[in-house]
Amino acid sequence: MAYLFNTPQEQQEMLASIGAASIEELFEQIPASLRLGRPLDLPPAMGELELTQHLATLAAKNQGPGDKVCFLGGGSYDHFIPAAVDAIASRGEFYTSYTPYQPEVSQGNLQAMFEYQTLICELTGLDVSNASLYDGGSAIAEAVIMSMNTMRRHDKIVVLGSVHPEYRQILDTYFGPLGTQIVVVPTPGGTVDPAEVAAVVDDQTACVVVQSPNFFGSPEQVQALADIAHAKDALLVQSFDPLSLGVIKRPGDLGADIAVAEGHSLGSPMQYGGPYLGIMACREKFVRRMPGRICGETVDRRGKRCWVLTLQTREQHIRREKATSNICTNQGLFALRASIYLALMGPHGLQDVGELCARKSHYAATQIASQERFELAFSAPFFKEFVVRDLQNDVATVLADASEAGFFAGVALGTWFPELADCFLVTVTEKRTRVEIDGLVKTLALTTNRTTIHA
Amino acid sequence: MRNTRSTHLLTELSQPGRRAVVMPPCDVPETPLNELLPADVLAESPPALPELAEPEVVRHYTNLSTLNMSVDTHYYPLGSCTMKYNPKRNERLASLPGIVDLHPYQPEDSLQGILQLLYELQQFLTEISGLPAISLQPAAGAHGEWTALMSAAAYFRSIGQEQRKLVLSPDSSHGTNPASAQMAGFTAVTVRTVDGAVDMDDLRSKLNDQVAVFMITNPSTLGLFETQMAEIADAVHAAGGLIYLDGANMNAVLGISRPGDIGADMMHYNPHKTFSGPHGGGGPGAGPICVAEKIAPFLPSPMVVKEGDQYRLDYDRPESIGRVRTFFGNVGVLVRAYCYILSYGPDGLKAVSENAVLNANYLLSKVKHFLPVPHGLRCMHEFVASAAKLKQEKGVTAMDIAKRLLDYGFHAPTVYFPLTVPEAMMIEPTETESKEMLDSFVEILFRITEEPADLLHDAPHTTPISRPNEVQAARQPCLRAVCG
């Protein structure tokens with residue numbers, strides 16, 4: 001076995017030292033009636049070569065970047081990853097290290113964590129960041145729990161209808177059974193009318209949850225929504241797209257109290273949706289309610305600057321049933337990747353990416369909407385993704401035809417929004433070239449013609 | 001010979017005008033941004049991130065990495081955390097373009113390979129657990145605990161027993177158990193243990209029609225198999241409750257004993273422990289849960305199903321608690337677990353546990369001569385030694401020993417857990433260490449117990465930093481480069 005050391009000879013020596021006759025004897029604690037007594041029904045072992053061939057076969061059954069051009073978004077994005085991110089993050093000293101509970105031998109990870117927190121604070125315009133959470137969706141749920149505990153209001157939250165539908169499903173799972181009222185404010189025009197939010201926020205409301213740019217790609221009026229929330233002593237939780245912040249105002253500058261994000265697009269691949277990176281930052285006064293690990297600066301016995309995990313008295317391993325959350329991990333490796341990515345991009349790289357996304361997506365939107373069959377569903381401004389309406393109301397065929405032609409053209413919206421069953425969400429990142437965009441538009445045009453001829 | 005400049009912060013290394021990444025020129029019309037987005041949305045300038053050239057970023061992080069201990073460089077006898085070798089093949093295979101570059105909303109016919117992998121993993125994990133239904137969605141062990149407890153709550157609602165609001169767990173349990181119970185809307189109640197085993201009288205006195213779930217870690221946090229397991233399961237089930245098994249210690253029982261066969265109704269795996277996913281300095285892990293048939297309808301949505309030769313995601317699950325995470329879960333971690341299970345096969349997995357238990361008992365047989373092991377002459381894959389006597393005699397604590405081990409190039413064991421053992425040192429060798437390594441660890445551990453107390457109080461002496469002032473870190477928090 002490739003990863004086991006003990007030879008039969010060594011096993012005998014060790015058993016002699018233990019004073020046991022056999023390995024079997026070591027399991028005597030387990031009553032016979034509680035033992036399996038047969039081999040597990042699993043496939044036989046594969047050597048590395050066979051396993052490599054097997055995985056290659058499975059990979060070939062998927063259609064990856066070599067097969068299709070990706071215009072899919074909705075929370076998972078095909079952004080560019082500089083080679084240095086993989087090269088550094090795949091070093092075993094990062095990859096195979098443990099949670100930094102022994103700071104003297106974990107300063108690399110701790111400093112990287114501290115730098116991550118620093119970068120996230122700068123990115124969001126907020127005072128403190130934790131060392132990350134599971135993903136963007138569960139981070140929203142944690143932000144809501146944090147709001148409820150901070151404001152001592154557990155009965156009601158207000159959520160915009162333009163928040164990612166899967167994020168809203170997660171909120172339903174977390175809070176529905178606990179009796180929390182989740183008021184969803186509809187966004188028929190693609191963004192919310194702040195007056196409609198003002199009408200439902202009251203002094204029972206723990207927080208208002210907004211995503212901006214929202215699921216449809218459009219910025220919401222975050223400042224106005226923050227003012228509405230604050231007027232009733234509620235908090236504003238904003239989910240943001242980290243790669244929009246090269247060009248768009250930061251959550252902290254718009255009045256958000258807690259900012260959360262899906263951070264995978266900062267240097268991590270799409271990997272079929274996970275593992276991802278839950279970003280969370282907040283105002284300083286809420287730090288002791290913040291879930292997850294936090295790294296802090298201090299000095300060692302010789303007065304040297306160093307880093308440790310801190311404020312751990314909030315956490316489950318100390319407070320047990322009184323902890324502010326049950327989270328006992330972070331996404332260390334992905335937080336590291338995000339830090340390296342941001343360090344490489346710098347302000348101007350981030351700005352370039354933002355501008356390319358904005359310009360390329362607008363070019364694509366204009367070209368698609370110039371086709372007879374399609375129009376933009378909403379007139380609201382957008383950042384890198386937009387909603388296309390198929391005037392012939394046959395989104396399934398449009399997407400299937402485009403896929404056959406080599407394009408994942410967009411995400412059908414009917415699954416989550418019955419009123420948008422004739423619409424799909426198109427995303428254009430900085431990676432998409434004009435040739436690819438023109439190819440998509442041409443394919444959609446052919447779809448138009450083909451359907452017309454069939455008619 | 002250390003590069004001390006590398007420990008400067010990025011903000012301290014930054015020079016205005018430096019660039020590491022230059023994006024390609026825009027190949028579509030360069031419309032001014034204020035014609036695309038309204039002025040009140042646009043930032044006046046991008047966030048003030050550090051400005052660095054690529055070589056400096058690479059050198060900075062590469063040097064930082066050398067300040068860490070890791071499984072690739074050091075031995076980690078870390079109890080309950082199962083820091084075993086992370087096979088390199090798994091990293092390469094999980095990074096194949098046809099695995100790693102997939103978008104979660106691709107059409108299902110373009111995802112047949114990954115869906116097949118996930119479906120087969122579901123089969124493997126249910127076989128290993130002896131529980132028939134599974135959700136791969138939870139993002140971490142504690143997330144799995146919470147998800148299972150939410151599913152249990154839904155189950156009790158469905159049978160009209162929503163009065164069951166109590167979750168019991170032993171005083172030796174992981175802190176996540178009571179915390180997850182509280183997060184799921186239950187009240188956590190502690191059950192006493194005696195010599196590491198559940199106090200049956202205390203358990204019985206707390207069982208009634210208000211109890212929903214008894215959460216137990218088996219093998220326990222003392223590294224002992226709970227021999228009363230059948231009795232516990234009978235008592236809890238007779239009271240109408242469910243058994244949740246914290247699967248943190250599955251490394252000891254692969255192919256030997258299955259949670260489903262010993263009375264558990266629900267459990268989670270920690271794939272990063274049991275199936276060797278790298279710890280990543282604190283994540284990501286994953287927290288798949290397996291449950292009994294009667295809980296199956298309530299598991300999160302979606303799950304992978306097979307119809308004929310086709311695999312698809314099933315969202316049509318009317319009694320499901322819903323979604324607990326975006327998309328499908330921590331797929332990258334699950335791919336590594338799949339590769340690990342296939343690398344070993346049924347006999348190999350059993351050999352993993354046999355060698356983990358052999359190594360642990362071998363260490364126990366050596367360590368007990370100079371550090372008492374209060375519970376058990378034998379153990380499963382880990383054991384808990386106590387430095388209480390040493391503390392009494394010489395004033396040397398478990399933490400002192402832990403810190404001194406760092407000087408000798410060993411990571412420290414888990415200390416001060418479980419809370420039921422004074423000056424606890426929880427040692428887990430894992431199966432991927434050699435007898436020579438274990439022998440040298442024992443030799444050093446013994447030598448440390450003979451060293452002068454003063455030397456130990458000041459340890460570590462050779463690490464990049466000495467003991468940090470943790471009180472200052474918490475009293476005057478500085479959580480970013482420019483402290484508020």
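Tutor: In chain A of this predicted model, residues 24 or more positions apart account for 71% of the contacts with a separation of 6 or more. Of the 455 residues of chain A, 67% count as buried. The chain holds 14 helices and 15 strands. Its C-alpha trace spans about 85 × 55 × 50 Å along the principal axes. Chain A exposes about 14800 Å², and carbon and sulfur atoms supply 51% of that area.

Now the helix pair, in chain B. Helix H12 of chain B covers residues 331-367, and helix H15 of chain B covers residues 435-450. They pack at an angle of about 25°, with their axes 10 Å apart. Angles under 35 degrees count as roughly parallel, so H12(B) is roughly parallel to H15(B). Their crossing is right-handed. H12(B) brings Asn359(B), Tyr362(B), Leu363(B), Lys366(B) and Val367(B) to the contact. H15(B) answers with Lys435(B), Leu438(B), Asp439(B), Phe441(B), Val442(B) and Leu445(B). By class, the residues of this contact divide into seven nonpolar, one polar and three charged.

Next, a loop residue of chain B. Phe186(B) sits between helix H8 (176-183) and strand S3 (187-191). Its relative accessible area is 5%, so Phe186(B) is buried. Leaving out residues up to four places away in sequence, Phe186(B) touches Leu149(B), Ala153(B), Arg164(B), Lys165(B), Leu166(B), Val167(B), Ala181(B) and Ala212(B). Val211(B) is 25 residues from Phe186(B) along the chain, and their C-alpha atoms are separated by 9.6 Å.

Then the backbone. Most residues other than glycine have a negative phi, and most peptide bonds are trans. A cis peptide bond joins Gly274(A) and Pro275(A), with omega about 0°. Pro275(A) lies in the loop between strands S7 (258-262) and S8 (278-282) of chain A. In chain B, the bond from Ser301(B) to Pro302(B) is cis, with omega near 0°. Pro302(B) is in the loop between strands S9 (289-291) and S10 (303-307) of chain B.

Arg320(A) is not a glycine, yet has a positive phi of about 45°. It is found in the loop between helices H11 (316-319) and H12 (332-369) of chain A. At 13% relative accessibility, Arg320(A) counts as buried. Asp195(B) has a positive phi near 50°. Asp195(B) lies between strands S4 (193-194) and S5 (197-198) of chain B. With a relative accessible area of 58%, Asp195(B) is exposed.

Note on methods:
Residues numbered from 1 in each chain as written. Chains lettered and ligands numbered in written order. Predicted model: local features only at pLDDT ≥ 70, side-chain atom pairs only at ≥ 80, totals over all residues. Heavy atoms only, no water. Axes fitted to C-alpha atoms, helices over the stretch in contact; angles between N-to-C directions. Helix = DSSP H or I, 4+ residues; strand = E, 2+ residues; numbered from the N terminus. Parallel < 35°, antiparallel > 145°, perpendicular 65-115°, else oblique. Left-handed = near helix turned anticlockwise from the far one by under 90°. Contact = heavy atoms within 4.5 Å. Nonpolar A, V, L, I, M, F, W, Y, C, P; charged D, E, K, R; others polar. Buried < 20%, exposed > 50% of the residue type's maximum accessible area, 1.4 Å probe, protein only. Areas by Shrake-Rupley, 256 points an atom, 1.4 Å probe, with all protein chains shown as cover.
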